Amino acid sequence: MEDIKSVRLENSFLSRRSRKEKQCILDVRMLLNDDRRINIELQIRRLAYWDKRSLYYLAKMYTDDLYSGQSYDRLKKCIVIDILDFSGDKNPGYHKVYRLRDEDGRLYFNPRPYLCAGKCGYIAQMA
């Protein structure tokens with residue numbers, strides 16, 4: 001496990017390129033060790049499209065600092081941590097990690113963006 005050297009809280013509003021684009025406001029946004037962006041979302045009310053919203057926020061955060069003419073190697077690893085008071089899917093468990101993989105589930109397409117979800121009811125029971 002890597003040591004945490006620095007944590008910087010960042011503006012929780014993700015940029016919009018036009019007024020028609022949906023505004024994203026993150027609960028907690030931080031930069032860890034100057035190379036990883038982390039979004040922590042707390043959700044106590046069930047959302048019908050939580051999975052789509054979380055993925056949208058991840059995609060926006062992943063591309064937020066990349067502008068025309070810049071190299072793609074500037075993209076930073078992004079992690080979304082969702083702490084939910086409901087189950088995000090039908091599979092049991094209190095902790096889940098979602099990543100982009102090939103259809104066989106063996107090869108990661110890109111290790112940079114991923115979602116991590118935990119159900120806070122289970123976490124509270126464990127404490």
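Helices (H or I, at least four residues) and strands (E, at least two) are taken here as DSSP runs, numbered from the N terminus. On this basis the protein chain has two helices and six strands, and from the N terminus on its elements run β-β-β-α-β-β-β-α. The model is a predicted one, in which local features need pLDDT of at least 70 and side-chain atom pairs count only at pLDDT 80 or more, whereas totals for chains, interfaces and linings use all residues. Residues are numbered from 1 along each chain as its sequence is written, and side-chain values use heavy atoms, with hydrogens and water left out. Of the 127 residues in the protein chain, 32% are buried, where buried means under 20% relative accessible area, exposed means over 50%, and partly exposed lies in between (1.4 Å probe, protein chains only).

The strands are described through their pairing, two strands being paired if DSSP finds at least two bridges between them. Strand 1 (residues 7–9) pairs with strand 2 in the antiparallel sense over three bridges, and within this pairing Arg8 has Leu31 of strand 2 as its bridge partner. The side chain of Arg8 is also joined to that of Glu10 by a polar contact of 3.1 Å, a polar contact being a pair of N or O atoms within 3.5 Å, of which, within protein, one must be able to donate a hydrogen and the other to accept it, while residues adjacent in sequence count only if both atoms are side-chain atoms. Glu10 itself is placed in the loop between strand 1 and strand 2 and, with a relative accessible area of 18%, is buried.

Strand 2 (residues 28–32) is largely enclosed by the rest of the structure, because four of its five residues are buried. Its pairing with strand 3 is antiparallel and extends over five bridges, with Ile38 in strand 3 as the bridge partner of Met30. The hairpin of strand 2 and strand 3 has three residues between the strands, and in this hairpin Asn33 takes a positive phi near 55 degrees. Strand 3 is likewise largely enclosed by the rest of the structure, since six of its eight residues are buried. Strand 3 also pairs with strand 4, in the parallel sense and over eight bridges, and in strand 4 the bridge partner of Arg37 is Cys78.

Between strand 3 and helix 1 runs a loop that contains Leu47, a residue that is partly exposed, with a relative accessible area of 24%. The C-alpha atoms of Leu47 and Phe86 are separated by 9.2 Å, although the two residues are 39 residues apart along the chain.

Helix 1 has 14 residues and reaches 20 Å from its first C-alpha to its last, close to the 20 Å expected at 1.5 Å a residue, the expected span being 1.5 Å times one less than the number of residues. Its buried residues are Trp50, Ser54, Tyr57, Leu58, Lys60, Met61 and Tyr62. Ala59, which also lies in helix 1, is by contrast partly exposed, with a relative accessible area of 42%. The C-alpha atoms of Ala59 and Cys78, 19 residues apart along the chain, are separated by 8.9 Å.

The structure holds two cavities of 30 Å³ or more, a cavity being a set of points, on a 1 Å grid over the protein atoms alone, where a 1.4 Å probe fits but cannot get out, with lining residues having an atom within 4 Å of a point. The second largest cavity contains about 70 Å³ of space, the volume being the space filled by probe spheres set on the points, which are joined across faces, edges and corners. Its lining is formed by Asn39, Glu41, Leu42, Gln43, Trp50, Arg53, Ser54, Tyr57, Val80 and Asp82, and the elements that give two or more residues to this lining are strand 3 (36–43), helix 1 (50–63) and strand 4 (77–84). By class, the lining has four nonpolar, three polar and three charged residues, where Ala, Val, Leu, Ile, Met, Phe, Trp, Tyr, Cys and Pro count as nonpolar, Asp, Glu, Lys and Arg as charged, and the others, Gly among them, as polar. Ser54, found in helix 1, counts as buried at 5% relative accessibility, and a polar contact of 2.5 Å joins its side chain to that of Asp82.

Terms used:
1 Å grid on protein atoms, 1.4 Å probe; cavity = no way out; pocket = protein on both sides within 12 Å on 5 of 7 lines; lining within 4 Å.
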